[in-house]
Amino acid sequence: MMRKKIFTLAMTVLLLLGLSMTALADPVALNEATSTIDAKQQNTVTITKKYTATNDGTTSPAETFKFTVTPVSFNGATDSATLAGMPAVTVTDLEVLQGNATAAGTSNNLTVNLPVYSSVGIYVYKIVETPSQNAGVTTDPTEYYLRVTVSNGNSTSGLVIEGVALHAGDPDTKPKVSTISNTYDAGTLSISKTVSGNQGDKGKYFAVKVTLTAETGKTYASSYAVSGGSSTDNPTTITVGQETTFYLKDGETINIANLPYGVTYTVVENDYTTSEGYEAATYSVSSDGTVTTTSSTTAVSGEALNHANETVAITNTKGTTADTGVILDSLPYILILVIVFIGVVFLVFRKRTSDRY
């Protein structure tokens with residue numbers, strides 16, 4: 001009987017130890033108290049990384065979000081010796097696939113790795129996001145501060161992390177947060193053609209040259225898709241940094257999709273004034289339906305894309321004043337009317353002459 005009680009007690013102790021070890025393996029909840037740590041355990045906290053596409057229908061590139069973590073203070077101390085001795089905190093690089101950004105926002109997990117602390121105190125670290133090199137990806141400019149509170153837990157089990165909190169700025173004055181946000185900003189560049197005037201050829205294709213220029217220090221996709229237009233000579237893609245020629249006739253539009261904000265564009269049409277008698281083309285630029293600039297003498301050059309939809313509307317005009325005199329096409333009808341008139345006059349005269357005699 002005694003052996004059975006001893007066995008039961010031993011099993012109970014083992015079970016409690018197993019539960020304690022399981023608790024040690026759990027990650028730390030951000031802004032909350034955590035379990036006891038020891039020299040064998042390194043805890044983590046999770047921060048939400050929200051990735052949003054500013055405009056629906058755009059596709060973000062594959063991206064690796066990186067962060068630098070710098071010790072700021074220990075119990076308020078700022079001397080370099082104390083800072084140099086602070087245990088290091090790191091943030092694991094977050095890799096996301098192409099198209100991760102969505103209009104509703106995609107939530108990803110950032111892992112913050114906490115060290116094993118050997119002394120009680122309040123540890124503060126600054127977390128800054130590394131600027132992205134991908135065009136269109138907006139880096140979160142906020143300086144975040146992570147405050148870790150370590151105590152002895154009033155127990156003999158070792159030190160405990162009582163709380164971990166992330167602040168958007170000075171931890172003494174700025175609110176706690178649990179999300180770091182990024183956006184993918186891209187839109188569509190459209191180029192349309194209108195032919196006006198009584199001599200304008202609405203079936204003629206006009207050659208339009210388009211050049212996209214990269215934002216300094218940014219990486220772009222190998223090419224961007226182009227849709228619209230009926231000419232078989234139109235390319236279906238365009239590459240940043242290369243002049244590309246498209247052909248448009250009256251009423252047609254081409255669309256260059258998913259262009260990152262910040263890319264600049266130049267649109268210029270071939271000269272049809274001397275060779276074919278058209279007036280100088282009119283270039284009208286509109287952003288999300290609102291006209292911003294109009295020019296009748298020069299091309300659109302160095303315009304920066306920064307809206308969901310931007311359109312360069314090109315109008316070609318050719319007309320002449322119609323000659324209102326007699327023309328050959330109407331002469332037969334005029335002669336017929338003259339003959340009819342003469343016939344009527346002759347019949348009236350003949351009837352009057354008959355009545356007289």
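1. Phe65 is buried, with a relative accessible area of 1%, where buried stands for under 20% relative accessible area, exposed for over 50%, and partly exposed for what lies in between (1.4 Å probe, protein chains only). This is a predicted model, in which local features need pLDDT of at least 70 and side-chain atom pairs count only at pLDDT 80 or more, while totals for chains, interfaces and linings use all residues. Residues are numbered from 1 along each chain as its sequence is written, and side-chain values use heavy atoms, with hydrogens and water left out.

2. On the aromatic pairs: a search of the whole structure finds five of them, a pair being rings of Phe, Tyr and Trp (its six-membered ring) with centres within 6.5 Å, called stacked if the planes are under 30 degrees apart, edge-to-face if over 60, and tilted otherwise. One of them joins Tyr51 and Phe65 edge-to-face, at 5.3 Å centre to centre and 90° between the planes. Tyr51 belongs to strand S1 and Phe65 to strand S2 (residues 63–65), so that the pair links parts of the chain 14 residues apart; strands (E, at least two residues) and helices (H or I, at least four) are DSSP runs, numbered from the N terminus. Tyr51 is buried as well, at a relative accessible area of 0%.

3. Phe206 and Tyr278 also form an edge-to-face pair, with 5.4 Å between centres and 85° between the planes. Phe206 sits in strand S14 (residues 206–213), whereas Tyr278 is found in the loop between helix H3 (273–276) and strand S20 (282–287), 72 residues apart. Phe206 is buried at 0% relative accessible area, and Tyr278 is buried at 4%. Elsewhere, ring pairs link Phe74, Tyr117 and Tyr123 into a cluster.

4. On the salt bridges: the structure holds seven, each defined as a side-chain nitrogen of Lys or Arg within 4 Å of a carboxyl oxygen of Asp or Glu. The side chains of Lys193 and Glu269 meet in one of these, at 2.3 Å from N to O. Because Lys193 lies in strand S13 (residues 186–196) and Glu269 in strand S19 (residues 264–269), the pair ties together parts that are 76 residues apart in sequence. Both residues, Lys193 and Glu269, are buried, Glu269 with a relative accessible area of 8%. Beyond its neighbours within four places in sequence, Glu269 has contacts that include Phe206, Tyr283 and Asn316, contact being heavy atoms within 4.5 Å.

5. Arg147 and Asp172 form another salt bridge, their closest N and O atoms being 3.0 Å apart. Arg147 lies in strand S9 and Asp172 in the loop between S10 and strand S11 (176–177), so this pair ties together parts 25 residues apart in sequence. Arg147 counts as partly exposed at 23% relative accessibility, whereas Asp172 is exposed at 63%.

6. On the nonpolar cores, which are sets of buried Ala, Val, Leu, Ile, Met, Phe, Trp, Tyr and Cys residues joined through side-chain atoms within 4.5 Å: the largest has 34 residues, and those with the most contacts inside it are Leu114, Leu146 and Val148. Among the elements that give two or more residues to this core are strand S1 (44–53), strand S7 (121–129) and strand S9 (144–151). A second, separate core of 26 residues includes Ala135, Val208, Leu212 and Tyr224.
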